[in-house]
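Hello,

Here is the structure I promised to pass on to you. Have a look at it first, and then read on for what I found in it.

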Amino acid sequence: SMPVSLLRSPFRTLYLFGIVVKDAVLYYTKSFFRNPWVIFFLLPLLGIYLIIDRIDGVHQETVTELEQTVLMALWWVGLGVLSSVGLGTGAHTGLLFLFPHIMKVCLAVTECKGTDFNSREMWFINDPTLYSCRSVGTGSVSFMDVFWKVFWPCFLWGSGTAIGEIPPYAISRAAALAGEANKEFEEISTSKSDWAILDKMKMWMIDFLKKHGFIGIILMAAWPNAAFDLCGVCCGHFLMPFWSFFLATWIGKGLIKVNLQACFFIVLFTEEYLATVVAGIEKMIPDAWDPCVLLAQKECHHMVADGLHKARAKFQAGGDDGGDASWLKTAWNWVIFLFIGYFIVSCIEQFAQLQERNEEQKKKKAQ
């Protein structure tokens, strides 16, 4: 029979999803309040915060700052989770939120000639001081100053993407421990594509993870690898310990990949650094040996500069142009809404289908 979906059987799908949510809430609530860290550290800390928050005084400024910091952390980690969770159906929050944030920071640094401005951007908070200069600097701004300005959003988002890789690993590992047929792994290892090279690359990845383990996961996670979900499925099937899988994924995604992406976008959106990179390429490739002149009748550094400027212009076209009534801004918000809506629908359907399979297995065992 066809699996349930919101289009074919909306009430049945929502009912099954509701059972999954109820069971998950009960299970994790019990686990949460039985954890020693929660009982002896988190709950007393929360009690102290609630008491201090209700007492007026000069400390309220610090409390407000702490609240904003926690909200910002949850926002960026949540966006990272949304980006990678769901076996390939995640919302592309890097393109939608993180990379535009880096662009706005770079533009503000250029305008303010420094980093003295508020960059705590969250979709649900309308702050008129956002990216407005508190003061205008007089000297030059170093690359590391800009990097540290965007480091925490990038680090938190990258950590969130690592957390979002847990579900495919956990599902595959649970199936392997239960001795059940792992549909996801079987599909990866046995399916054939129209292109033999894709099958070879797929099997190479499985063998690579078997051979190199922890280091192999770091290498797979440290670049924009659209097929990393498959790595999670493979690691779960091979019963790799959770902390080995998660720590390697976090190092690759949260420390290496996202910071390399940050460096690339800082260069892309800062004219000074972009010019430095282009000049470096010009020095590295002598005019007499320039392959681009032979192939495209244009020097390589000019081609790189043109390509990067076009990429920046295209990316900036999707950002905030300052006009509240702009059709471009409205279209951008609709794109964000549709991406998140698609992600939510796909998650509901996946959980409902999982619950349906579990119920069918229980009925078979009862017979």
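A word on naming before we start: helices here are DSSP runs of H or I with at least four residues, numbered from the N terminus. By that numbering, L50 sits in helix α2. Please also keep in mind that this is a predicted model.

**Overall picture**

The chain has 14 helices and zero strands. Of its 367 residues, 37% count as buried. If you take the contacts between residues at least 6 apart in sequence, 68% of them join residues at least 24 apart. The accessible surface comes to about 22,400 Å², and carbon and sulfur atoms account for 68% of that.

Mean pLDDT for the chain is 79, with 77% of the residues at 70 or more. Helix α5 has the highest confidence, at a mean of 94, while helix α7 (residues 183-190) has the lowest, at 53. Over residues 319-325 the pLDDT stays under 50, and the model has six contacts beyond four places in sequence for that stretch. Where pLDDT is low, the predicted coordinates should not be read in detail.

**The nonpolar cores**

The largest nonpolar core has 36 residues, and the members that touch the most others are W76, L98, I102 and I266. At least two residues of this core come from each of α3 (60-84), α4 (93-112), α5 (143-163), α10 (242-269) and α11 (271-284). Helix α4 supplies the largest share, eleven residues. Which residues does L98 touch, not counting those up to four places away in sequence? They are W76, T93, P153, C154, W157 and V258. Another core lies apart from the largest one; it has 16 residues, including F208, L209, A221 and M240. As general background, nonpolar side chains tend to be buried together in soluble globular proteins.

V146 belongs to helix α5, and it counts as buried because its relative accessibility is 2%, below the 20% cut-off. Leaving aside neighbours within four places in sequence, V146 is in contact with C106, V109, V141, I266 and Y273. V146 and I266 are 120 residues apart in sequence, yet their C-alpha atoms are 7.5 Å apart in space.

The other is Q261, in helix α10. With 16% relative accessibility, Q261 also counts as buried. Beyond four places in sequence, Q261 is in contact with F99, W157 and P224.

Helices α1 (10-34) and α2 (36-53) are the elements that give two or more residues to the patch, and α2 gives the most, with seven.

**Salt bridges**

Side chains of opposite charge can pair when their charged atoms come close. The structure holds six salt bridges, and I picked out some of them for you:

- R12 and E359 meet through their side chains at 3.5 Å, N to O. R12 is in helix α1 and E359 in helix α14 (residues 327-366), so this pair ties together parts that are 347 residues apart in sequence. R12 is partly exposed, with a relative accessible area of 34%.
- E121 pairs with K104, with the closest N and O atoms 2.9 Å apart. E121 is in the loop between α4 and α5 and K104 in helix α4, 17 residues apart. At 19% relative accessibility, E121 counts as buried.
- D116 pairs with R134, with 3.4 Å between the closest N and O atoms. Both D116 and R134 are in the loop between α4 and α5, 18 residues apart. D116 counts as partly exposed, at 31% relative accessibility, whereas R134 counts as exposed, at 57%.

Happy browsing, and write back with any questions.

Best wishes

How values were computed. Residues numbered from 1 in each chain as written. Predicted model: local features only at pLDDT ≥ 70, side-chain atom pairs only at ≥ 80, totals over all residues. Heavy atoms only, no water. Core = buried A, V, L, I, M, F, W, Y, C linked by side-chain atoms within 4.5 Å. Buried < 20%, exposed > 50% of the residue type's maximum accessible area, 1.4 Å probe, protein only. Contact = heavy atoms within 4.5 Å. pLDDT = per-residue confidence, 0-100. Areas by Shrake-Rupley, 256 points an atom, 1.4 Å probe, with all protein chains shown as cover. Salt bridge = Lys/Arg side-chain N within 4 Å of Asp/Glu carboxyl O.
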